[in-house]
Amino acid sequence: MSIARSTPSRKLVGATALSALLLLAAPLAFSAEEVASPLRTYLAAKRAAIQEQSAKPGAPTAIHGKVTAESRSGVRRLRIGPTGEFQYISDSGRNYAGYNLGAGSWDSLVGTLASAVADEYIVQAAVQNVPLDGLDVVFTSIPERKSESLAYPNNLSYVAYIDSPATDAQLQALKRAVHENSSAIDLVTRPQQVSHADVEYIHSASVRDPTLPPGLRDFITEEKRPAVLARQVKPAAGKEKPAAPETLVARAHVEPRTGLRRVFLGKDGYHQQLHDSAPGLLGYGLAPTVEEHLLGVTGTCLTHIFEVQAASRNVLLDSLELTVDGQVSPRFGSNVRSPARYSGIRYKVRIESPASEQEIDALRQSVEATCPLYNLVKDEQKLEGSIVRGAYADAAQ
């Protein structure tokens, strides 16, 4: 398959003394006459880090995320890591009782997938010693309705904009390695074993203390319920058909000197996210890894659907907190014989409500039946990718 080409836009800078030392640790990917670009210098250091990791036993990485429905606003706050050191806000638009304070779960999913694909291209380029001078990944999804009550992001595809002197054959081999080794691609293209949510139920008073400020119960009844019911109204015969699903899009830009991925969500890039590498792969501890964030995003979606279904079924909630746990097998190590993969994905929900246990269990069942990302992970998706040579047109943004 041929690779599309765009007008290249390359800026080369001289390697620093530190970069030169790093380059000595790995085979050079450029001739003596060429000057190492910042990204090639980073790839040389990444290759050395991978070789170091591959020489010692690898261990699975535990993933933990906690999502809290924030009181009167209903905003979903995601805390990633054992101590919650990284946080993201997930919110809805005003037409769904939100404030657009953060990206929604669907947009965040597409953003994390863009970042995951970009990260895997960097890692596999380092492994295969393929020279890269620039990399951006634009990921798109066209949501699809699976049933009357379930729709989620589908038709997954990406375009990798690669500035590189590598041959077409090298880039195609690079792409194959990305698809074979990416734990994120595997997560969404193969059906995953996901547990039912374990619910910790705490019964609260049917009448709230009037001296307390408005809380989650008020958000569910006064804000979310009207918005949810308005969406459930079907157009009368002869009226306009529902609008076609809007394409979801995100771009991940690889910072050449650090490997950090800046992710721009939506066509306007209004919301942005940052992802870092793992500590042993030149990470700086500035942001979560994409593996952590990707699993956390499924938790924000579940939390939102608990709000939606509670509003639809008129179930009062006084607090709502969800944790998601899982693990990813090691990427590199002397004992590693297969690509990194997710396993042991499980959810736990803590709910305070005056509703009965039977109502809460029925709520859980309705959430699992209708949650977009919970079901996306459980189902099998198709994902296509392509490569365009040259820098992304708006890479200077």
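Author: Happy to, and keep in mind that this is a predicted model. Let's begin with Glu-307, which counts as buried because its relative accessibility is 0%, and buried means under 20%.

Reader: Nice. Which helix is Glu-307 found in?

Author: Glu-307 belongs to helix α7, which covers residues 290-313.

Reader: And what is Glu-307 in contact with, leaving aside neighbours within four places in sequence?

Author: Its contacts are Ala-69, Gly-74, Arg-76, Leu-216, Phe-219, Ile-220, Lys-224 and Leu-320.

Reader: Switching topic: which residues touch the most other members of the largest nonpolar core?

Author: Those are Tyr-121, Leu-132, Leu-135, Phe-139 and Tyr-347, in a core of 89 residues. Helix α3 (residues 105-128) gives the most to this core, namely twelve residues. Another core, of five residues, lies apart from it and includes Val-67, Leu-78, Ile-80 and Tyr-88.

Reader: What does Leu-132 touch, not counting residues up to four places away?

Author: Among its partners are Leu-39, Leu-43, Tyr-121, Ile-122, Ile-162 and Leu-174.

Reader: Leu-174 sits in α4, I see. Which residues of α4 are buried?

Author: Leu-171, Gln-172, Leu-174, Lys-175, Ala-177 and Val-178 are. The buried residues of α4 pack against α3, β8, α5 and β15.

Reader: And how many residues does α4 have?

Author: Helix α4 has 14, and reaches 20 Å from first C-alpha to last, close to the 20 Å expected.

Technical notes
Residues numbered from 1 in each chain as written. Predicted model: local features only at pLDDT ≥ 70, side-chain atom pairs only at ≥ 80, totals over all residues. Heavy atoms only, no water. Helix = DSSP H or I, 4+ residues; strand = E, 2+ residues; numbered from the N terminus. Buried < 20%, exposed > 50% of the residue type's maximum accessible area, 1.4 Å probe, protein only. Contact = heavy atoms within 4.5 Å. Core = buried A, V, L, I, M, F, W, Y, C linked by side-chain atoms within 4.5 Å. Expected span 1.5 Å × (residues − 1).
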